[in-house]
Amino acid sequence: MKHCLTIAGSDSCGGAGIQADLKAFSANGTYGMSVITAITAQNTQGVFDVQDINPSVIEHQIEAIFDDIRVDAVKIGMVSRPETIEIIASTLKKYSLPPLVIDPVMISKSGYDLLQPEAKKALIEILLPMATLITPNLPEAEVIVGYKIDTIELMQKAALDLHKLGCKYVLVKGGHLENDATDVLYDGKAFHLLHSKRLETINTHGTGCTLSSAIAANLAKGISVKAAVEEAKAYITEAITHGFKLGHGVGPVHHFYALYKKAGIES
């Protein structure tokens, strides 16, 4: 079995962050491990507090994994402050890195800032160049490139500009487009437009975390980047289709729909 590591924040209601990443790793046939960068107090209605983890503890978590266990892919999510980014980068550079997927988490669905403004520069200059693939949504891509993105053509322009930061592949996600949910994958040479129909549901908590983790799991299994993204999109589409009501706000996607259906468990 392949081993995947997520470096991200904890979501107390289990829909996003570390909890979603581990579910996505498992649902896609890999063993999940975690390095927690921050603890959030959140539910389906919003984020109410954040406690960042001491950088030395983040460093020791990474070392504890890499010094003992083979890591076949890494996914990085919430890295809210510069010192968190710096310790992650310097610690990972001690090791031979497997495929690295970075989901540049910046703002929660409820509007809570999950990346401190002063951390943007460190994210762009230190972490993104290390990535095999980065997976920004449109608001995140706009913050990084500094201009509005609302068409496929501008998504392609953004992918070009993001690729110049040093990552090998860029996936600009089009979930915030008005008419469709086309994603743009750029491999440094060509654009690949990945179409999917827009799903009318409010239960989308954890969508970005889940997609990037599913991609990482596929890369761990040796699947090419384009195929890994395509298979992960099929997985997240099914998870969103069967997202469910939980609490009083935005419910989670269903990470285990296919497995529950196979087991005869009503969801």
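How many bridges join strand E1 to strand E2, and do the two run parallel or antiparallel? Nine bridges do the joining, and the strands run parallel. This is a predicted model, in which local features need pLDDT of at least 70, side-chain atom pairs count only at pLDDT 80 or more, and totals for chains, interfaces and linings use all residues. Residues are numbered from 1 along each chain as its sequence is written, and side-chain values use heavy atoms, with hydrogens and water left out.

**The sheet**

- Nine strands make up an open sheet, in the order E3-E2-E1-E4-E5-E6-E7-E8-E9, and the pairing is mixed. The edge strands, each pairing on one side only, are E3 and strand E9 (191-194).
- A word on terms: strands (E, at least two residues) and helices (H or I, at least four residues) are DSSP runs, numbered from the N terminus. Two strands count as a pair if DSSP finds at least two bridges between them.
- In general, strands of a sheet pair through backbone hydrogen bonds, either parallel or antiparallel.

- Strand E1 covers residues 3-11 and strand E2 covers residues 31-43. If you want a spot to look at, Ala 8 has Ile 36 in E2 as its bridge partner.
- Between E1 and E2 the chain passes through helix H1 (residues 17-27), and this β-α-β crossover is right-handed. Right-handed here means that, with the strands pointing away from the viewer, the path from the first strand over the helix to the second runs clockwise.
- On to the next pair: six bridges join E2 to strand E3 (residues 46-52), and these two run antiparallel. Together E2 and E3 form a hairpin, with two residues between them. Within this pair, Thr 40 stands opposite Val 50 in E3.

**Strands E5 and E6**

- E5 and strand E6 (residues 133-134) are joined by two bridges and run parallel. Ile 102 has Ile 134 in E6 as its bridge partner.
- Pro 129 sits in the loop between helix H4 (120-127) and E6. With a relative accessible area of 33%, Pro 129 is partly exposed (buried means under 20%, exposed over 50%, and partly exposed in between, with a 1.4 Å probe and protein chains only).
- Pro 129 and His 248 are 119 residues apart along the chain, and their C-alpha atoms are separated by 39 Å.

**Salt bridges**

- The whole structure has 12 salt bridges, each being a side-chain nitrogen of Lys or Arg within 4 Å of a carboxyl oxygen of Asp or Glu.
- Lys 94 pairs with Glu 59, with 3.3 Å between the closest N and O atoms. Lys 94 is in the loop between helix H3 (82-92) and strand E5 (100-102) while Glu 59 is in helix H2 (residues 55-66), so this pair ties together parts that are 35 residues apart in sequence. Lys 94 is partly exposed, at 48% relative accessible area.
- There's a network here too: salt bridges link Glu 59, Glu 63 and Lys 94.
- Lys 233 pairs with Asp 183, and their closest N and O atoms are 2.9 Å apart. This one links distant parts of the chain, with Lys 233 in helix H8 (residues 225-241) and Asp 183 in strand E8, 50 residues apart. Lys 233 counts as buried at 11% relative accessibility, and Asp 183 is buried as well, at 5%.
- Asp 161 pairs with Lys 164, with the closest N and O atoms 3.6 Å apart. Asp 161 is partly exposed at 23% relative accessibility, whereas Lys 164 is exposed at 67%.

**The loop between E7 and E8**

- Thr 182 is in the loop between strand E7 (169-172) and strand E8 (183-186). At 2% relative accessible area, Thr 182 is buried.
- The side chains of Thr 182 and His 195 are joined by a polar contact of 2.9 Å. A polar contact is a pair of N or O atoms within 3.5 Å; within protein, one must be able to donate a hydrogen and the other to accept it, and residues adjacent in sequence count only if both atoms are side-chain atoms.
- Gly 175 is found in the loop between E7 and E8 too, but Gly 175 is partly exposed, at 43%.
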